[in-house]
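Please have the sequence and the model open while reading.

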Amino acid sequence: MSSSSPTRQQILLVDDEEDALIELAESLENEGFVCFTASSVTEALQELTLNPDIALVITDLRMPEESGISLIKRLREHTSRSHLPVIVMSGHAEMDDVSDMLRLQVLDLFRKPIYLVRLIDTLNSLFPITKRYLYGANTFAPTDACVTADS
C-alpha cells in the first residue's frame with residue numbers, strides 16, 4: 001500500500017505460526033488496515049505499549065509459552081486496555097475455552113484456517129468504511145458536492 005493511501009484502524013495480530021501471521025497481515029493491509037504482528041503474548045504486550053492507537057487484537061488461542069486467553073486476561077486487568085476488542089482464532093477450541101472467551105467478552109471466534117471474507121465483513125461492521133477512506137483525505141466524495149441555490 002502506498003504511503004499516500006488513507007489507512008483504517010490499527011490491528012495487532014498475535015500468532016506463533018509466522019507464515020499464517022504474515023499472510024493475515026498482508027490480507028488485512030490490502031483492506032487498508034495497519035497491522036502490527038507478534039508471535040507471543042510478551043511481544044503482543046510490547047506492541048500494545050509501543051502503539052497506543054491499536055483498536056483491535058486478533059489472537060491465536062493456542063501458543064507455546066502463553067495462550068491467547070492469558071493475553072486477554074492481562075488486557076482485561078489493564079485499565080487503559082480493558083475494553084479493547086479481541087477476536088480469537090483457533091484450530092481447536094474446546095468448550096472450556098469458549099466459556100472463558102464469553103466471560104472475557106471476546107468479540108468473535110474464528111476457526112482456522114480463517115475464512116477471510118467473514119473476517120473482513122466482521123471488521124467492516126466493527127470499523128465502517130468512511131467516505132474519507134474510500135475517496136482519500138484530499139478529494140471530494142460524490143455526496144460532498146456543493147448544493148447551490150438553483151438546486
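How many helices and strands does the secondary structure of the chain come to? The count is six helices and five strands, where helices (H or I, at least four residues) and strands (E, at least two) are DSSP runs numbered from the N terminus. The model is predicted: local features need pLDDT of at least 70 and side-chain atom pairs count only at pLDDT 80 or more, while totals for chains, interfaces and linings use all residues. Residues are numbered from 1 along each chain as its sequence is written, and side-chain values use heavy atoms, with hydrogens and water left out.

**Overall fold**

- Along the sequence, the elements follow the pattern β-α-β-α-β-α-β-α-β-α-α.
- Of the 151 residues in the chain, 39% are buried; buried means under 20% relative accessible area, exposed means over 50%, and partly exposed lies in between (1.4 Å probe, protein chains only).
- Contacts (heavy atoms within 4.5 Å) between residues at least 6 apart in sequence join residues at least 24 apart in 62% of cases.
- The chain exposes about 9,100 Å², and carbon and sulfur atoms supply 51% of that area; accessible areas come from the Shrake-Rupley method with a 1.4 Å probe, and for residues only the protein chains shown count as cover.

**Salt bridges**

- The structure holds seven salt bridges, each defined as a side-chain nitrogen of Lys or Arg within 4 Å of a carboxyl oxygen of Asp or Glu.
- Asp60 forms a salt bridge with Lys112, and the closest N and O atoms are 3.3 Å apart. Asp60 lies in strand β3 (residues 54–60) and Lys112 in the loop between β5 (108–111) and α5 (116–126), so this pair ties together parts that are 52 residues apart in sequence.
- Asp60 counts as buried because its relative accessibility is 3%, whereas Lys112 is partly exposed at 21%.
- Asp60 and Lys112 also belong to a network of salt bridges that links them with Asp15 and Glu17.
- Arg62 forms a salt bridge with Asp97, with the closest N and O atoms 2.6 Å apart. Arg62 is in the loop between β3 and α3 (68–77) and Asp97 is in helix α4 (residues 95–103), so the pair ties together parts 35 residues apart in sequence.
- Arg62 counts as partly exposed at 32% relative accessibility, and Asp97 counts as buried at 10%.
- Asp108 forms a salt bridge with Arg118, the closest N and O atoms being 3.0 Å apart. This pair links distant parts of the chain, with Asp108 in strand β5 and Arg118 in helix α5, ten residues apart.
- Arg118 is partly exposed, with a relative accessible area of 34%.

- Glu18, Asp19, Glu23, Glu26 and Glu29 form a negative surface patch. Patch residues have over 30% relative accessible area and no salt bridge, and like charges are joined within 9 Å.
- For charge, Lys and Arg count as positive and Asp and Glu as negative, while His and the chain ends are not counted. The place of a charge is NZ of Lys, CZ of Arg, CG of Asp or CD of Glu.
- Glu23 is in helix α1 (residues 18–29) and counts as exposed at 55% relative accessibility.
- Ala20 is also placed in helix α1 and is partly exposed, with a relative accessible area of 30%.
- The C-alpha atoms of Ala20 and Lys112 are separated by 9.8 Å, although the two residues are 92 residues apart along the chain.

How values were computed: Patch = residues over 30% accessible without salt bridge, like charges linked within 9 Å, V, L, I, M, F, W, Y side chains within 5 Å.
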